[in-house]
Amino acid sequence: MYKKQMAFQKIVCMLTLIAAALTFVYSLGIATDLYDALSKTILYPDYDLDYTSVTGSRVYYDMFEFNSAFTKVSIGLIIVTLILFITNTQTRRKYYIGNYIAVGLSTVANILMTIWCVPQILDYKAQYQNNVDFEALKAFSEDWGTIYIGPEDTFWFDVSYAVFGFLLLTSCLLIINVVWKVIMMRAEKSAIGSRKGE
């Protein structure tokens, strides 16, 4: 049983790192389509975001600050996740205070990241779907050779469910692993104590 638990904790720690890395990659790609389709429609983005060929196209610039912060926080999330490996949480037979702190930090960071990002991403999705003049955008794309994305083209917004769902899943698995580890450690301690009593 201990071998299964040890294998499980290694897999969970790796999945947590993958989820953090995936969040970072997602932060780099979330505005890709919006940039390609909308960025050129605003003539003077440094001065007036409403001076545009396509009403509502400022959504790309509106989310720019969030996107920049999202990328930085994602890097921080990867660093926090690496604490699991610095404390050998993935390989340690017995957990010590450092391992519990690493799991706690990683779990809390994942949850806070999700709470901070998802509502904002959904808000920008709504802003994109409700405010952009898609007829004008289509005409602009035909005139200037830019890509056209319609109101239904929300892949980069919608994939947030998968990215942050995976992030939360790894948090649940970390907690399950700690509970399992505590049970195994107590069972081992009990077995050692019974042997000493013989």
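1. Leucine 34 touches Ser39, Tyr60, Met63, Tyr128, Ile149 and Phe157, leaving aside residues up to four places away in sequence; contact here means heavy atoms within 4.5 Å. The model is predicted, so to speak of local features requires pLDDT of at least 70, side-chain atom pairs count only at pLDDT 80 or more, and totals for chains, interfaces and linings use all residues. Residues are numbered from 1 along each chain as its sequence is written, and side-chain values use heavy atoms, with hydrogens and water left out.

2. Leu34 also belongs to the largest nonpolar core, which has 31 residues; Leu34, Ile121, Tyr128 and Phe164 touch the most other members. A nonpolar core is a set of buried Ala, Val, Leu, Ile, Met, Phe, Trp, Tyr and Cys residues joined through side-chain atoms within 4.5 Å. Buried means under 20% relative accessible area, exposed over 50%, and partly exposed in between (1.4 Å probe, protein chains only).

3. Two or more residues of this core come from each of helix H1 (2-29), H2, helix H3 (59-62), helix H4 (64-86), helix H5 (97-131), helix H6 (134-144) and H7. H5 gives the largest share, seven residues. Helices (H or I, at least four residues) and strands (E, at least two) are DSSP runs, numbered from the N terminus. Apart from this core lies another, of 10 residues, including Cys13, Phe85, Tyr95 and Val103.

4. The count comes to one cavity of 30 Å³ or more, and the largest cavity has a volume of about 60 Å³. On a 1 Å grid over the protein atoms alone, a cavity is a set of points where a 1.4 Å probe fits but cannot get out, and lining residues have an atom within 4 Å of a point. Grid points are joined across faces, edges and corners, and a volume is the space filled by probe spheres set on the points.

5. For cysteine 117, the nearest cysteine sulfur, that of cysteine 172, is 18 Å away. Cysteine 117 counts as buried because its relative accessibility is 0%. For cysteine 172, the nearest cysteine sulfur, that of cysteine 13, is 15 Å away. Cysteine 172 is partly exposed, with a relative accessible area of 44%.

Key
On a 1 Å grid over the protein atoms alone, a cavity is a set of points where a 1.4 Å probe fits but cannot get out, and a pocket is an open set with protein on both sides within 12 Å along at least five of seven lines; lining residues have an atom within 4 Å of a point. A disulfide is a pair of cysteine sulfur atoms within 2.5 Å.
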